[in-house]
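Here is a short note for someone opening this entry for the first time. Please read the points below with the structure in view.

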Amino acid sequence: MEKAQFLFDKIWDDYIAQNPEVKEIYHLFSDLGETVANDHIAFRTFNDPRVNIDVLSNAFLKVGYKYKGEYQFKEKHLYARHFELEEFKEAPRVFISELKLEEMSYELQVIAKDIINRIPDAVLQSPDFLLSGNSWGRPSYKIYEQLRKESEYAAWLYVFGFRANHFTVSINALKQLDSIQKVNLFLKDKGFVLNSVGGEIKGTPAELLEQSSTKASIKEMDFDEGLFEIPSSYYEFARRYPDQNGRLYGGFIAQSADKIFESTDFYKKA
Ligand code: NI
């Protein structure tokens with residue numbers, strides 16, 4: 001567990017450095033006396049063999065994680081796998097998705113291959129590859145917009161690269177904010193905006209998993225064409241329910257996750 005903890009601390013430090021809003025929420029929860037445990041953390045990538053799920057999951061397999069389940073997101077052309085650390089139930093699940101390039105336009109494939117070609121070998125081989133961010137250089141806003149038309153997922157990846165896309169607070173571990181409704185109300189009361197695509201709450205107790213998330217906060221990014229404000233990362237909240245055998249459900253609901261992906265879709269600050 002120690003090695004896994006070390007890895008998660010590094011990923012968390014990068015994530016909150018990139019997303020001050022997350023840090024703010026984390027502290028609001030802590031100030032209530034809550035223990036903020038992670039249900040899962042998520043990464044995005046392309047299915048190119050140089051950077052695919054197998055490559056990203058390596059760091060987790062090395063510290064004892066095991067493959068647990070797979071998911072298909074047809075409309076978004078995504079495939080995902082989730083991993084768990086069996087000997088330590090409190091460890092967060094790891095959810096890694098990849099964009100199926102062969103299903104995308106020729107233009108998108110060329111852009112993806114080009115940025116992967118530009119990742120230095122030392123970065124590809126580094127044990128910290130999954131935290132290497134964008135190592136292909138300053139993005140072009142024109143390309144970002146072009147990618148967005150076809151895949152918001154690809155556009156996000158093009159700008160932000162390899163790093164945690166989101167962490168997810170386990171509502172099961174909270175004492176006062178012990179329902180997803182209470183968590184959502186608390187956040188809205190503090191002025192945070194939730195992703196309402198498909199309703200603020202994705203999933204139901206009957207499905208054994210309820211999820212909600214903030215809308216990714218807007219960040220000013222440096223593009224070839226100048227500075228532009230775009231959505232960065234978000235914070236997710238999940239509550240799990242026990243199954244018929246009394247065991248807490250450990251998987252993911254593709255239909256809900258599908259909508260959660262849209263938390264990073266482009267929008268302009270009101
Ligand atoms: Ni998630």
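Predicted model: local features only at pLDDT ≥ 70, side-chain atom pairs only at ≥ 80, totals over all residues.

1. His-40 is buried, with a relative accessible area of 2%.

2. His-40 belongs to strand β1 (residues 38-46) and His-166 to strand β5 (residues 166-170), so the pair ties together parts 126 residues apart in sequence. His-166 is also buried, at a relative accessible area of 5%.

3. Strand β3 (residues 78-84) has six of its seven residues buried, so the rest of the structure largely encloses it. Strand β2 (residues 66-73) runs antiparallel to β3 and is joined to it by seven bridges; Lys-66 has Glu-84 in β3 as its bridge partner. The two strands form a hairpin with four residues between them, and His-77 in the turn has a positive phi of about 60 degrees.

4. β3 also pairs with strand β4 (residues 93-99), in the antiparallel sense and over six bridges. Here Phe-83 has Val-94 in β4 as its bridge partner.

5. Helix α1 (residues 2-18) packs against helix α2 (residues 20-31) at an angle of about 110 degrees, and their axes are 5 Å apart. The two helices are therefore roughly perpendicular. Residues of α1 in the contact include Trp-12 and Tyr-15, and those of α2 include Pro-20 and Tyr-26. By class, the contact has seven nonpolar residues, one polar and one charged.

Technical notes. Residues numbered from 1 in each chain as written. Heavy atoms only, no water. Axes fitted to C-alpha atoms, helices over the stretch in contact; angles between N-to-C directions. Parallel < 35°, antiparallel > 145°, perpendicular 65-115°, else oblique. Contact = heavy atoms within 4.5 Å. Nonpolar A, V, L, I, M, F, W, Y, C, P; charged D, E, K, R; others polar. Buried < 20%, exposed > 50% of the residue type's maximum accessible area, 1.4 Å probe, protein only. Pairing = 2+ DSSP bridges.
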